[in-house]
Number of protein chains: 2
Amino acid sequence: MAKEKKLVEEITSMEEDFAQWYTDVVKKAELIDYTSVKGCMVIKPAGYAIWENIQHELDRRFKETGVENVYLPMFIPESLLQKEKDHVEGFAPEVAWVTHGGLEPLQERMCVRPTSETLFCDFYQKEIQSYRDLPKVYNQWCSVVRWEKTTRPFLRSREFLWQEGHTAHATAEEAEERTIQMLNLYADFCEEVLAIPVIRGRKTDKEKFAGAEATYTIESLMHDGKALQSGTSHNFGDGFAKAFDIQFTDKDNQLKYVHQTSWGMTTRMIGAIIMVHGDNSGLVLPPRIAPTQVMIIPIQQKKAGVLDKAYEVKDMLSNYRVKVDDTDKSPGWKFSEQEMRGIPLRVELGPKDIEANQAVIVRRDTREKIVTPIPELATKVGEVLETMQSEMLERARKHRDAHTYTAKTLDEFKQIANEKPGFIKAMWCGCQECEDALKEEAGVTSRCIPFDQEEITGTCIHCGKPAKHMVYWGKAY
Amino acid sequence: MAKEKKLVEEITSMEEDFAQWYTDVVKKAELIDYTSVKGCMVIKPAGYAIWENIQHELDRRFKETGVENVYLPMFIPESLLQKEKDHVEGFAPEVAWVTHGGLEPLQERMCVRPTSETLFCDFYQKEIQSYRDLPKVYNQWCSVVRWEKTTRPFLRSREFLWQEGHTAHATAEEAEERTIQMLNLYADFCEEVLAIPVIRGRKTDKEKFAGAEATYTIESLMHDGKALQSGTSHNFGDGFAKAFDIQFTDKDNQLKYVHQTSWGMTTRMIGAIIMVHGDNSGLVLPPRIAPTQVMIIPIQQKKAGVLDKAYEVKDMLSNYRVKVDDTDKSPGWKFSEQEMRGIPLRVELGPKDIEANQAVIVRRDTREKIVTPIPELATKVGEVLETMQSEMLERARKHRDAHTYTAKTLDEFKQIANEKPGFIKAMWCGCQECEDALKEEAGVTSRCIPFDQEEITGTCIHCGKPAKHMVYWGKAY
C-alpha cells in the first residue's frame, strides 16, 4: 500500500503551488522528460499522442479551407533574416546560429528557423508571377527554435513543435479575410475539441508580431487565473512583399505586391489542456483529444472469466479509443494511474458486475459512477463521453467568467490586478504610454482588444482621455 | 499550341541523359524547388502530399507492431555525440554546428541531429531501470541534417525528412527479431505500396552503420540500372548500452545491459518512385501512394452539361482520391499536366461520351484507353487502379531481373560493371581488401549479402579463396 499511495502523494496540490502542481502533472502523467539539452525536452508517448490528435484534427480543418502542406528548410541565411527590419529586430536576439558545416566554417552563418516568414517570402518571390498563381495557401508542420532564457515544459521551451501557415493573396481584403478565417478556425478548434473557451480579438501594436500590420489572437484563462495566448493569426499587408519584392501581374496587367498572412498553433496547447482541465489527481483530457478515451479495469482479474469479459467489453467499445489495463498491478493503483493520465472514462468490471451483467462507468472529471447493463455499454459510453466533453467546456467557461472582472477606475484596476487573478476588462485610449504604465503599475499586459466590444466607461482607465477600445488585461504565461 | 508543346518539350529524354531527366521531372511535376539555402530544398505540395501518404501508411504499419511515437530535441551536445567512438567518427565530419544561442556563445557547441542514437540513449539511460520498462519501441518523425558536399533533390540533401525508430530490449534475440521485423516491414511497404521490388539482405562490415553490430538493408534498382539503398535496420547489440550505461535489473535480479536497434526510411523514397516508375512524359505514381488517383478532364467543357456531368462523375468516384480539372486550359494541355504529375488515371468526358453515357479511362503507365459505361465507372476505376498497381510492381521486377547479372570470373565481373548497368551477383570471401579492390577496379560497391543466398561458384570473385557469401554489387545513388 505504501507504494500505491506514492503516485498520488507526489503531486503538489494546485491550491498550494500551481507551478509545482503543473510540473508534477507533466512528469507523473508521463508527458515529457527533461534532457541533457538545456531548455529542450523529450515529448514522451502520452504527450506526443495528444499532439498527434491535435495535428490530425487541425490538419483536417485546414485542408477543408484549401490549405496545402509543404516543407521548407530549417535554416535561414543571416542575410535573408535581415530583409524585413521589424522582423529581424524581433527575432535576431533569440535565435540559434549555425556557424560550421562539417569541419568547415560557413561563408555566411545561418539561424535555425524561429519562424519561417522570410523563407516563405524567398520561395513566393520565385513562385508567384501572375494572378493565376494566387492565392498561395501553404502550411508546414515542423519544429522551431527560440533561445529562451527561462523555460517551462510545453509553455516555453527552446525548441517546440507547431504548424505555421503562410499565405499570399492578390488583394488586401482577401488577406484580411484569410487572417480572420484562420483565427476563427483556431477558436472553434479550441472550444469544440480542447473544451477551452477563448476570447477572440486583436493584439495592440505593442504586442503584435514582429513585421505584422495586425495580429489577431485567441486568449484563454488557466485555472490559476493567468492568461495564455493560444493561437495567433497575422496580417502582414504588403510589408514583407515590398521587402522581398513579391510582385505579380494582375488581371488588369498591372504589377502589384501580394498581401500576406501567417498563423500558428503550437505544442503549448498541451500545457493549456493541463492548466484548464487538470485537478489534484492529475491530468483530465477532453474526450475528443484523449489518445485513450476509455480504460477498462478488471477487478479480481485472476478469477475465471473476468479478463475474458474485459476483452469482450473492449471489443464492444471498438468505436472508441479503448484499452484494458491487464497488468498485474492492483485495481487501486490502476485507478490512480488512469486518473493521473487523464483518461476520460474508466470502466470497472469485477465478478459481481459480471454476475449482474453490468459494469461501472466512472467519469474522470466528476467521478460520477454510472452502473450500466453491459448490453447498453457502447451506447452509454458514447453519451457519457459527449456529455463530459460539453460539460468540460461549460465548466471552463464558468471558471473564466467568474475570474473576469471589470474595472472602472485605476484604483479598482490595480486592486483587482493585485488581489484577483483573472482577466480585467477596462477601457483604453490606444496609446502605448498607458499600456506601459499599466504594466509598470499593475503588473498586467494587454491580452487583446476583443471583437466583442463593450463600453464600460467613456475614458481610458489610465490617462482619463477618451477611450478607443475595451481591452482584456491580465498576467500571462 | 507553341505554349502547349513546351511542357513536354522541356523534359530531357531519360535515354539521352537520365540525371537531367530526373531533375526535369522533379521540377516540372512541381515536387520541389531550390532555395537560397544551399543544398536544401522546398518540398512543394505535390511532393509533400506523397510524403504524407508514405507517413500515413508506414505509421499505421508501425503502430500495428507496437511502435509509439515520441519527439526528441534536434540538438546534440558535442560531449553526447562523442560517447560512442565509431558513431562519432562516422558522423562528426558531416554535421552542422550551432555555436551561439541568441547573442551569446554557447558553453558547449551542439550539432543539429544527423540521426538520434545518442539522444535516445541519453533518454533511455534515465527511463529504463527494470525489465518491466522493456521493451521500449519508440519512433520519431523529424528532419535531420547531414552536411553533404554534392546534393540532389530527394536523393541527397543537407536536410531531409525521415522517421527513425529506436528500440531497447532485454535480450539479444529480441533485438535481432525487431531488427528483422522492421526490415521486412519496409520491404513489404515498398513492394505493396510503392510497387518497388527490393532485395533484402545484410550490409558488409564496411558498409554498415557507424556503431552498429549489423545493418540490414533493402536495395532497389532504378531505371538507369543504379541501385538505391531504400531502408535500413540496425542491430546495435549492447555497444551503445555500454557506452551510455543503459542497464536494467532483470527478473533474475541481475543488472544487465539492454540490446538496441534503430531503423529509418526517408524522403529519398520519393526519388525512388520517380526513378523506378517515371517515363519520358514525367512522373508515374503507383495508385496506392498517389495523392490524386483520378483526374477527370472534361472535353469541350463550355458546352452545356459537360462540367455538370464531370462533377457528377466525381461524386460517383468519391471512394477514390479524385479531382476535376475545370481550369480554362485546353484538354491537350491538361493531359500533359496530368501525365507529367503522374496521376494514375484520367477520365476523359466530352459531349459525345455523355451522349453515349460513357467515359474514357486512360492509364498513365500503359496509356491503355478503356471506354466504360458511366454506371460502371466506379467499379471499373477500382479494378484498373488495382491492376495498374500490381502491373507496375511486376514491370519493375522484370526490369530489375533483366538487369541483374551473374559473374563467375573477375573478367566477367569487370565487363558487366563496365557495360551493363544493374546488379551483379558474385561470390565473396568476406574480407575488406577484396571489397575495396572491386570498388577500385570495377567501380562498384557491395549492396548487400542477400538473405536468399545462391552458390554461384565456390570461390571469391576477386582473390579466389573460398567464398563465404553471395553478394549483390552495383553502382549506387
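1. Start with helix α10 of chain A, residues 306–316, in this predicted model. Four of its residues are buried: Val306(A), Lys309(A), Ala310(A) and Val313(A). They span an arc of only 105° around the axis, so they sit on the same side of α10(A).

2. Now turn to the face of α10(A) directed away from the buried side. Asp308(A) and Asp315(A) lie there, and both are exposed.

3. What covers the buried residues of α10(A)? The cover includes three strands of chain A, β15 (294–298), β16 (322–324) and β17 (345–349). It also includes the helices α12 (351–355) and α13 (377–402) of chain A.

4. Next, a helix pair in chain A. Helix α2 (residues 18–28) and helix α9 (residues 268–277) have axes that come within 11 Å and cross at roughly 120°. The crossing of α2(A) past α9(A) is right-handed. From α2(A), the contact uses Phe18(A), Trp21(A), Tyr22(A), Val25(A) and Val26(A). From α9(A), Gly271(A), Ile274(A) and Met275(A) take part. By class, the contact has seven nonpolar residues, one polar and no charged ones.

5. Last, the largest nonpolar core, which has 205 residues. Which members touch the most others? Phe75(A) and Phe75(B) do. Leaving aside residues up to four places away in sequence, Phe75(A) touches Val98(A), Met110(A), Cys111(A), Val112(A) and Leu119(A) in chain A. In chain B, Phe75(A) touches Val37(B), Cys40(B), Ala96(B), Val112(B), Val145(B) and Trp147(B).

Key: Residues are numbered from 1 along each chain as its sequence is written. Chains are lettered from A and ligands numbered from 1 in the order in which they are written. This is a predicted model: local features need pLDDT of at least 70, side-chain atom pairs count only at pLDDT 80 or more; totals for chains, interfaces and linings use all residues. Side-chain values use heavy atoms; hydrogens and water are left out. A nonpolar core is a set of buried Ala, Val, Leu, Ile, Met, Phe, Trp, Tyr and Cys residues joined through side-chain atoms within 4.5 Å. Buried means under 20% relative accessible area, exposed over 50%, partly exposed in between (1.4 Å probe, protein chains only). Contact means heavy atoms within 4.5 Å. Helices (H or I, at least four residues) and strands (E, at least two) are DSSP runs, numbered from the N terminus. The arc is that of the directions from the helix axis to the C-beta atoms. Axes are lines fitted to C-alpha atoms, for helices over the stretch in contact, and angles run from 0 to 180 degrees between N-to-C directions. A crossing is left-handed if the near helix is turned anticlockwise from the far one by less than a right angle, and right-handed if clockwise. Ala, Val, Leu, Ile, Met, Phe, Trp, Tyr, Cys and Pro count as nonpolar, Asp, Glu, Lys and Arg as charged, and the others, Gly among them, as polar.
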